[in-house]
Amino acid sequence: MKNSFSISSFAVVALGGLSGCATPVAKPAFYPNAHYQQVGPTQAQADAQACASLAQQSDVNAVNKVDAGRAAAAGAAGVGTAGVVGSLLSGHKPDLKSIAAGAAAIGAGGAAATAAGQSVGGSSLYRQFVQQCLAERGYHVIGWH
């Protein structure tokens, strides 16, 4: 029973760590070319938001969900394996029910963190989409912050 508590505790701590790592929304950094100077920073940010909305409605969003699913599967498999090996090394019989619950929780947390991170600018595909959209509107993006 002691072993199942440690796996569950690990899951809670790991999920807390994932939620604490949430990144703020990444924003494009503009080069102050003639178009940017003409429209100003307020309009540039409004255009960036419009491009971000287009990216979220496109296939980029579907790619982020696939990547999040892969991250969930990898995270769950890693936690499950670690739980079984840890139990065996400590001389205890693995409590597969608790290990599976912990793995599922970590996998779900990892998927959420991955999806959130990519949808706010973590995905290079997302950033490329937004940059292309802004370029077509006359802006020059030099980075992200």
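Guide: One term to begin with: buried means under 20% relative accessible area, exposed means over 50%, and partly exposed is in between, using a 1.4 Å probe and protein chains only. This is a predicted model, where local features need pLDDT of at least 70, side-chain atom pairs count only at pLDDT 80 or more, and totals for chains, interfaces and linings use all residues. Residues are numbered from 1 along each chain as its sequence is written, and side-chain values use heavy atoms, with hydrogens and water left out.

Visitor: OK, how many residues does the protein have, and what share of them count as buried?
Guide: There are 145 residues, and 31% of them count as buried. The protein exposes about 8,400 Å², of which carbon and sulfur atoms supply 64%. Those areas come from the Shrake-Rupley method with a 1.4 Å probe; for residues, only the protein chains shown count as cover.

Visitor: How many helices and strands?
Guide: 5 helices and 2 strands. Along the sequence the pattern reads α-β-α-α-α-α-β. Both kinds are DSSP runs numbered from the N terminus: helices are H or I with at least four residues, strands are E with at least two.

Visitor: Where does α2 bend?
Guide: At Gly-40, by about 105°, and the proline Pro-41 follows within four residues. The bend is the angle between two fitted axes, one for the seven residues ending at that residue and one for the seven starting there.

Visitor: And what does helix α2 span between its ends?
Guide: Helix α2, residues 34-57, spans only 30 Å between its end C-alpha atoms, whereas a straight helix of 24 residues would span 34 Å. The expected span is 1.5 Å times one less than the number of residues.

Visitor: Which residues of α2 are buried?
Guide: They are Tyr-36, Gly-40, Ala-44, Asp-47, Ala-48, Cys-51, Ala-52 and Ala-55. An α-helix has 3.6 residues a turn, so residues three or four places apart point the same way.

Visitor: New topic. Which members of the largest nonpolar core touch the most others?
Guide: Phe-30, Tyr-126, Val-130, Leu-134 and Tyr-139, out of 16 residues. The elements giving two or more residues to this core are α2, α5 (124-136) and β2 (141-144). The largest share, 6 residues, comes from α2. A nonpolar core is a set of buried Ala, Val, Leu, Ile, Met, Phe, Trp, Tyr and Cys residues joined through side-chain atoms within 4.5 Å.

Visitor: What is Leu-134 in contact with?
Guide: Leaving aside neighbours within four places in sequence, Leu-134 is in contact with Pro-28, Phe-30, Asp-47, Ala-48, Cys-51, Tyr-139 and Val-141. Contact means heavy atoms within 4.5 Å.

Visitor: What does Asp-47 form a salt bridge with?
Guide: With Arg-137, the closest N and O atoms being 3.4 Å apart. Asp-47 is in helix α2 and Arg-137 is in the loop between α5 and β2, 90 residues apart. A salt bridge needs a side-chain nitrogen of Lys or Arg within 4 Å of a carboxyl oxygen of Asp or Glu. A search of the whole structure finds 1.

Visitor: Why does Asp-47 count as buried?
Guide: Because its relative accessibility is 12%. Arg-137, at 34%, counts as partly exposed.

Visitor: Last one: is His-145 buried or exposed?
Guide: His-145 counts as exposed, at 59% relative accessibility. His-145 is found in the segment after β2 and touches Val-25, Ala-26, Lys-27, Pro-28 and Ala-29, not counting residues up to four places away in sequence. The C-alpha atoms of His-145 and Val-25 are separated by 8.6 Å, though the two residues are 120 apart along the chain.
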